[in-house]
Amino acid sequence: MISLIVGLGNPGKEHEGNRHNAGADFVEALARANNVNLKIDKKYFGLIGKFTCDGRDIHLLIPTTYMNLSGKAVAALAVFYKIVPEQILVCHDELDFPAGEIRLKKGGGHGGHNGLRDTIASLGNNNNFLRLRIGIGHPGDAKLVADYVLKNPSKSEGKLISKSIENGLAVIDLIIAGQIEKAMQLLHTTSA
């Protein structure tokens with residue numbers, strides 16, 4: 001069962017709406033859906049909030065470190081609340097999927113994603129957390145990736161990403177409850 005939901009992104013107005021902030025955008029949408037006001041908390045290096053689901057506290061976190069230091073925030077909150085990696089859902093942008101596609105995955109490597117890389121390292125090299133992978137598409141050339149993820153999607157891509165976030169929100173209660181297979185089945189057969 002999930003106790004902590006993390007949305008990866010970069011802080012600051014200049015990064016709002018960037019493809020790389022899809023995970024943070026998901027957690028912001030989840031907070032709105034649950035009437036949670038995310039507040040900055042320096043001891044957790046991020047924006048935090050909390051809501052109750054089936055009588056359990058669900059912590060929300062958007063690190064305010066830059067992407068490549070995301071694990072610092074995740075580890076700080078997880079250690080304080082004694083949340084193990086298996087109880088964490090990390091939401092992030094995914095180059096391997098087109099905009100509009102969203103997938104749930106348990107464990108695995110970082111796939112070159114610096115936010116995941118730092119989170120895995122900061123959790124003692126434990127990668128056994130869930131990932132909600134929000135498709136943003138690929139620019140077609142690895143040399144263009146760094147610039148691509150730090151730009152806003154086109155209007156049509158943005159609509160597809162927003163729809164995939166809605167699809168993720170539709171199954172979040174299943175994910176929180178640990179009904180991962182059911183959530184995967186619903187998510188993986190739905191497209192934006």
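Colleague: How many bridges join β2 to strand β3?

Modeller: This is a predicted model, in which local features need pLDDT of at least 70, side-chain atom pairs count only at pLDDT 80 or more, and totals for chains, interfaces and linings use all residues. Residues are numbered from 1 along each chain as its sequence is written, and side-chain values use heavy atoms, without hydrogens and water. β2 and β3 (residues 46–53) run antiparallel; strands (E, at least two residues) and helices (H or I, at least four) are DSSP runs numbered from the N terminus, and two strands pair if DSSP finds at least two bridges between them. The number joining β2 to β3 is 3.

Colleague: Which residue in β3 is the bridge partner of Asp41?

Modeller: Asp41 falls within β2 (39–41), a strand at the edge with a single partner strand. The bridge partner of Asp41 in β3 is Gly46.

Colleague: At about what angle does helix α2 run to β4?

Modeller: Helix α2 (residues 70–80) lies across β1, β3, β4 and β5. Angles run from 0 to 180 degrees between N-to-C directions, with axes fitted to C-alpha atoms, for helices over the stretch in contact (heavy atoms within 4.5 Å). For α2 and β4 (56–63), the value is about 155°.

Colleague: How many of the 11 residues of α2 are buried?

Modeller: Buried means under 20% relative accessible area, with a 1.4 Å probe and protein chains only. Among the buried residues of α2 are Val74 and Leu77, and the buried residues pack against β1, β3, β4, β5 and α3. Helix α2 is largely enclosed by the rest of the structure because the number of buried residues is 8.

Notes. Buried < 20%, exposed > 50% of the residue type's maximum accessible area, 1.4 Å probe, protein only.
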